[in-house]
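Me: I would like to learn how to read the main features of a model like this one. Can we go through them in order?

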Amino acid sequence: MSERHARAIDRLVAAIEAIVATPDDALLPRLAEPLAALVSRDDWIDPAFAAPDPERYRQYLLYRDPAERFSVVSFVWGPGQATPIHDHRVWGLVGVLRGAEIDQRYAPAADGSLAPAAAPTRLEAGDVATLSPATGDIHRVANAHADRVSISIHVYGADIGRVERATYDEAGASRPFISGYTEPAPVPA
């Protein structure tokens with residue numbers, strides 16, 4: 001891991017630790033500030049945590065709080081890649097570092113199916129979005145670009161790679177999963 005990468009993550013982690021030590025109703029907006037500062041510059045991420053896969057998006061662990069209060073993850077999206085509809089079951093923030101993403105939120109309909117909760121949101125580099133089970137954390141995310149990689153940095157209120165979550169079909173049927181993480185890519189010397 002490069003020194004610049006380590007310093008950037010250390011600054012973010014120090015800010016998050018101070019904020020989660022005194023949680024309140026403004027937790028997510030307070031956490032959005034240091035994440036926005038991190039993704040405002042695209043000169044720090046180590047290539048090992050920014051490598052795409054031609055088949056599916058990658059989820060690299062950048063930091064796991066020893067008490068598992070939060071985790072920081074790099075999501076790398078190849079051209080046109082997307083998640084299934086899924087939930088998180090913990091609070092989260094998404095900051096776009098490179099490229100752009102489309103975030104489509106879903107909500108249960110009266111018949112139990114899932115329906116779009118609003119129009120899709122396009123997040124550009126530097127943008128930060130929040131999600132929470134209290135306000136709706138079911139969504140589908142896609143790389144907005146069909147011809148290039150997008151990267152986002154996520155902060156979650158747990159070790160998200162170990163949280164049992166669910167994917168959904170549009171009829172509302174769920175399937176449990178635990179995401180885990182992708183091993184950092186070897187970088188040629």
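**Reading the model**

Reply: The accessible surface of the protein chain comes to about 9100 Å², and 53% of that area belongs to carbon and sulfur atoms. Keep in mind that this is a predicted model.

Me: What share of the residues of the protein chain counts as buried?

Reply: A residue is taken as buried when its relative accessible area is under 20%. Of the 189 residues here, 48% count as buried.

Me: Which helices and strands does the protein chain have, and in what pattern?

Reply: Count the elements, then read them along the sequence. The protein chain has two helices and 12 strands, and its pattern is α-α-β-β-β-β-β-β-β-β-β-β-β-β. As for contacts between residues at least 6 apart in sequence, 73% join residues at least 24 apart.

Me: How do helix 1 and helix 2 pack?

Reply: Start with the angle and the axis distance. Helix 1 (residues 3-20) and helix 2 (residues 27-39) pack at about 170°, and their axes are 10 Å apart. Angles over 145 degrees count as roughly antiparallel, so helix 1 and helix 2 are roughly antiparallel to each other. Helix 1 contributes Ala8, Leu12, Ala15, Ile16, Ala18, Ile19 and Val20 to the contact, and helix 2 contributes Leu27, Arg30, Leu31, Pro34, Leu35 and Leu38. By class, this contact has 12 nonpolar residues, no polar ones and one charged residue.

Me: Is His5 buried or exposed?

Reply: Look at relative accessibility, then at the neighbours. His5 lies in helix 1 and counts as buried, because its relative accessibility is 0%. Leaving out residues up to four places away in sequence, His5 touches Trp44, Ile45, Asp46, Phe49 and Leu62.

Me: And what does Val128 touch?

Reply: The reading follows the steps used for the histidine. Val128 lies in strand 8 (residues 128-131) and is partly exposed, with a relative accessible area of 26%. Not counting residues up to four places away in sequence, Val128 touches Ala32, Leu35, Ala36, Val39, Leu93, Val94 and Gly95. Leu93 and Val128 are 35 residues apart in sequence, and their C-alpha atoms are 6.8 Å apart in space. Leu35 also belongs to the contact of helix 2 with helix 1.

Terms used:
Residues are numbered from 1 along each chain as its sequence is written. This is a predicted model: local features need pLDDT of at least 70, side-chain atom pairs count only at pLDDT 80 or more; totals for chains, interfaces and linings use all residues. Side-chain values use heavy atoms; hydrogens and water are left out. Axes are lines fitted to C-alpha atoms, for helices over the stretch in contact, and angles run from 0 to 180 degrees between N-to-C directions. Helices (H or I, at least four residues) and strands (E, at least two) are DSSP runs, numbered from the N terminus. Angles under 35 degrees count as roughly parallel, over 145 as roughly antiparallel, 65 to 115 as roughly perpendicular and the rest as oblique. Contact means heavy atoms within 4.5 Å. Ala, Val, Leu, Ile, Met, Phe, Trp, Tyr, Cys and Pro count as nonpolar, Asp, Glu, Lys and Arg as charged, and the others, Gly among them, as polar. Buried means under 20% relative accessible area, exposed over 50%, partly exposed in between (1.4 Å probe, protein chains only). Accessible areas come from the Shrake-Rupley method with a 1.4 Å probe; for residues, only the protein chains shown count as cover.
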